[in-house]
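I would ask you to keep the structure in view while I speak.

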Amino acid sequence: MGKGILLVLDSVGVGGAPDAQKFNDLGANTLGNLIRACEAGEANVDRSGKLEIPNLSSLGIYQALALSEKKFEAIAPTQSEASYAVATSNSSGKDTPSGHWELTGAPAATKWHYFKLGKPVLCGTELSRICTLAKIPGILGNCHASGTEIIATLGSKHIETGKPIFYTSNDSVIQIAAHEDFFGLEKLMHLSEITAGIFHPRGVCRIIARPFAGDNKFGFFRTDARKDFAVPPPEGNLCDRVVSKGSRCWGIGKIGDIFDNRSVETFSSGLSDEKLFFKLLELLAVAEDNDLIFANFVEFDSMYGHRRDISGYARALEKFDKNLPKLLERLSNEDLLIITADHGNDPTFRGTDHTRERVPVLLRGKGVVRGSYGIVDFCDVGETMAEFLRLSQGGHGSSLIKYANYK
């Protein structure tokens with residue numbers, strides 16, 4: 001028996017979602033459109049030419065893309081020993097928590113509340129209650145905004161007035177930005193907790209504390225002390241089931257925040273994706289058989305997808321691909337690796353928000369059969385890992401691998 005390793009490349013979608021039009025995302029395809037942009041010379045900042053991801057290619061990511069959208073068949077290798085599938089989400093949202101929960105076999109039952117475009121976002125009654133409970137003089141922002149742009153615009157006024165910056169996006173989220181030194185981390189966390197207590201019952205999925213530092217002269221920048229106050233995940237997800245059997249679920253990156261730190265031992269967070277990758281390698285030597293190592297690599301989404309940075313997205317994917325052999329060579333014959341994503345965030349698409357897409361499912365390890373597993377559901381990913389870890393069957397999804405194949 002070996003370890004289960006589940007890696008989420010945050011937002012690396014492959015298009016083809018059957019309900020993309022419902023989300024106004026028809027034509028979005030993070031990987032496919034990125035490939036085309038690279039070929040067209042639109043991603044030549046600090047890199048150049050075609051997208052080079054030979055290791056992900058060897059695992060079947062191009063075949064997954066072609067399976068999702070047949071117009072990309074020409075880029076898929078004609079012969080490969082890869083094992084792959086494409087997963088479709090059935091959740092009502094295209095947000096990070098919904099995607100991760102569904103991947104672990106527990107679809108979100110809540111219909112999330114989303115804030116409409118326009119200003120103000122939060123009404124006077126809600127704000128009055130927050131200001132009273134948190135003892136703050138008011139707020140700034142109260143609109144849809146990019147996090148980096150709004151602290152550049154309102155950072156100085158925030159310091160002058162002591163008013164925190166509230167903003168949202170097309171996700172079910174309220175983000176609260178405040179200066180670590182002038183406002184204080186403890187005060188920001190307390191404010192975020194109060195806001196969560198008011199808005200979670202109203203269907204807002206996450207309240208995110210966004211501390212920043214710097215000054216008007218040299219610029220403001222986010223720090224690594226971010227904290228998510230999320231609605232607790234559904235009971236009975238893969239992480240819960242691992243722990244209930246007596247094994248451990250190791251969370252790398254933002255997994256702890258996404259699952260409200262329930263059943264997850266957070267090994268590392270607040271680091272760059274590259275540093276998290278090397279923490280993952282360290283953890284492989286620490287984790288025991290039957291443990292689940294669950295990692296999220298967020299920078300594809302947070303730094304490049306939302307900012308519609310085509311070159312940055314390509315660089316990040318190529319950097320991950322170059323490091324990937326270091327992981328593959330450390331896997332034992334008893335381990336199971338699944339690489340997938342939680343949604344799309346096409347850097348070539350209009351707007352700044354997530355895009356509704358299918359996601360690749362790349363499998364390597366014991367019990368895996370070479371070739372295509374076809375188009376599956378998100379929940380099937382969690383059930384496949386559960387089957388491998390000898391867990392009882394969950395209420396959603398089916399394993400792609402049958403126990404008899406690797407008994």
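**Arg356 and its surroundings**

I begin with one arginine. Setting aside residues up to four places away in sequence, Arg356 touches Ala17, Asp19, Ala20, Phe23, Asp25, Ser89, Asn90, Ser91, Gly93 and Lys94. Please bear in mind throughout that this is a predicted model. Arg356 is found in the loop between β12 (336-340) and β13 (359-365). Is Arg356 buried or exposed? With a relative accessible area of 4%, Arg356 is buried, since buried means under 20%.

Two of its polar partners deserve mention. The side chain of Arg356 makes a polar contact with the side chain of Asp19, at 2.9 Å.

I turn now to helix α13, residues 378-388. Of its 11 residues, 10 are buried, so α13 is largely enclosed by the rest of the structure. The buried residues are Phe378, Cys379, Asp380, Val381, Gly382, Glu383, Thr384, Met385, Ala386 and Phe388. After the helix comes Arg390, whose phi is positive, near 60 degrees.

Which angle do the axes of α4 and α13 make where they cross? The axis of α4, residues 96-103, comes within 6 Å of that of α13, and the two cross at roughly 45 degrees. That makes α4 oblique to α13. On the α4 side, the contact is made by Gly99, Glu102 and Leu103; on the α13 side, by Phe378, Cys379, Val381 and Gly382. By class, this contact has 4 nonpolar, 2 polar and 1 charged residues.

**Helices α1 and α12**

The axes of α1, residues 30-39, and α12, residues 310-328, come within 10 Å and cross at roughly 105 degrees. The two helices are therefore roughly perpendicular to each other. From α1, the contact involves Thr30, Leu31, Leu34, Ala37 and Cys38, and from α12, Ile310, Tyr313, Ala314 and Leu317. The residues of this contact divide into 8 nonpolar, 1 polar and no charged.

**The nonpolar cores**

In soluble globular proteins, nonpolar side chains tend to be buried together. Here, how many residues does the largest nonpolar core have? It has 89 residues, and those with the most contacts inside it are Leu7, Leu51, Phe297 and Leu327. The largest share of this core, 9 residues, comes from α12, the helix that also meets α1.

Let us look at Leu327 in particular. Not counting residues up to four places away in sequence, Leu327 touches Leu7, Phe277, Leu280, Leu281, Leu284 and Leu337. There is also a second, separate core of 25 residues, which includes Leu127, Ala196, Ile198 and Ala209.

**Gln63 in helix α3**

Finally, I draw your attention to Gln63, which lies in helix α3, residues 61-68. Gln63 is buried, with a relative accessible area of 10%. Leaving aside neighbours within four places in sequence, Gln63 is in contact with Ser57, Ala76, Pro77, Ser80, Ala82 and Tyr84. Gln63 and Ser372 are 309 residues apart along the chain, and their C-alpha atoms are separated by 8.3 Å.

To close, I would return to the residue with which I began: Arg356, buried, in a loop between two strands, with its side chain in polar contact with that of Asp19. Thank you for your attention.

Notes: Residues are numbered from 1 along each chain as its sequence is written. This is a predicted model: local features need pLDDT of at least 70, side-chain atom pairs count only at pLDDT 80 or more; totals for chains, interfaces and linings use all residues. Side-chain values use heavy atoms; hydrogens and water are left out. Axes are lines fitted to C-alpha atoms, for helices over the stretch in contact, and angles run from 0 to 180 degrees between N-to-C directions. Helices (H or I, at least four residues) and strands (E, at least two) are DSSP runs, numbered from the N terminus. Angles under 35 degrees count as roughly parallel, over 145 as roughly antiparallel, 65 to 115 as roughly perpendicular and the rest as oblique. Contact means heavy atoms within 4.5 Å. Ala, Val, Leu, Ile, Met, Phe, Trp, Tyr, Cys and Pro count as nonpolar, Asp, Glu, Lys and Arg as charged, and the others, Gly among them, as polar. A nonpolar core is a set of buried Ala, Val, Leu, Ile, Met, Phe, Trp, Tyr and Cys residues joined through side-chain atoms within 4.5 Å. Buried means under 20% relative accessible area, exposed over 50%, partly exposed in between (1.4 Å probe, protein chains only). A polar contact is a pair of N or O atoms within 3.5 Å; within protein, one must be able to donate a hydrogen and the other to accept it, and residues adjacent in sequence count only if both atoms are side-chain atoms.
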